[in-house]
Amino acid sequence: MSLPPGRYGPVDTAARRRRATWAIAAGGTLGVALVVWLAVINAQPDVTHRDVGFVVRGAGSVEVAFDVIRADPAVPVACRITALNRHYAEVGVVVVEIGPGQRGAERQRVEVATAEEATTGVVDSCWVQSD
């Protein structure tokens, strides 16, 4: 006993199978492209930083300790360190250049001159120096 044609949807044809194959291939290609794009935009940066601590040296300065972590220790980087007062206003800033090193993670200590007494010192950002 055979089923009547079209009882469970349209009859499967060669053209319909080709369209389905192309649709699946296009969807797969878009999926792979999306995964690659997400991997590129979320890749680890070349340099990161981690605040370790600070010591207020009075109304004129604060010492900030931080770690610089870089993928390639031979690459020079620069970091912007800021001192903030109790109202979170910037009262001191310094950009420090860190030359090539021996290890991927290195501890740095930087003195930041301040216009008034700071209550904290933090690393604002770090970046790879271009030639």
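Predicted model: local features only at pLDDT ≥ 70, side-chain atom pairs only at ≥ 80, totals over all residues.
Okay, let's start with the strands: β1 and β2, the latter covering residues 61-70, run antiparallel and are joined by nine bridges.

As a reminder, strands of a sheet pair through backbone hydrogen bonds, either parallel or antiparallel.

Next, the cysteines. The count comes to one disulfide. Cys79 and Cys126 form it, with their sulfur atoms 2.0 Å apart. The pair links distant parts of the chain: Cys79 sits in strand β3 (residues 77-84) and Cys126 in strand β6 (residues 120-128), 47 residues apart. Which hand does this disulfide have? The torsion about the S-S bond is about 110°, so the disulfide is right-handed. Are the two ends buried or exposed? Cys79 is buried, at a relative accessible area of 0%. Cys126 comes out at 15%, and since the cut-off for buried is under 20%, Cys126 is buried too.

Cys79 brings me to the core. The largest nonpolar core has 17 residues, and Cys79 is among those with the most contacts inside it, along with Phe66, Val68, Ile81, Val96, Ile98 and Val112. Which elements give two or more residues to this core? They are β2, β3, β4 (90-98), β5 and β6. In general, nonpolar side chains tend to be buried together in soluble globular proteins.

Let's zoom in on Ile98. Skipping its neighbours within four places in sequence, Ile98 is in contact with Phe66, Val68 and Cys79, and also with Arg70, Pro76, Val77 and Gln108.

Last stop, the helix. Ala33 lies in helix α1, which spans residues 14-41. Ala33 has a relative accessible area of 42%, so Ala33 counts as partly exposed. If you'd like a distance to check in your viewer, the C-alpha atoms of Ala33 and Ala14 are separated by 29 Å, with the two residues 19 apart along the chain.

That's my tour, thanks!

Key: Residues numbered from 1 in each chain as written. Heavy atoms only, no water. Helix = DSSP H or I, 4+ residues; strand = E, 2+ residues; numbered from the N terminus. Buried < 20%, exposed > 50% of the residue type's maximum accessible area, 1.4 Å probe, protein only. Disulfide = S-S within 2.5 Å. Pairing = 2+ DSSP bridges. Core = buried A, V, L, I, M, F, W, Y, C linked by side-chain atoms within 4.5 Å. Contact = heavy atoms within 4.5 Å.
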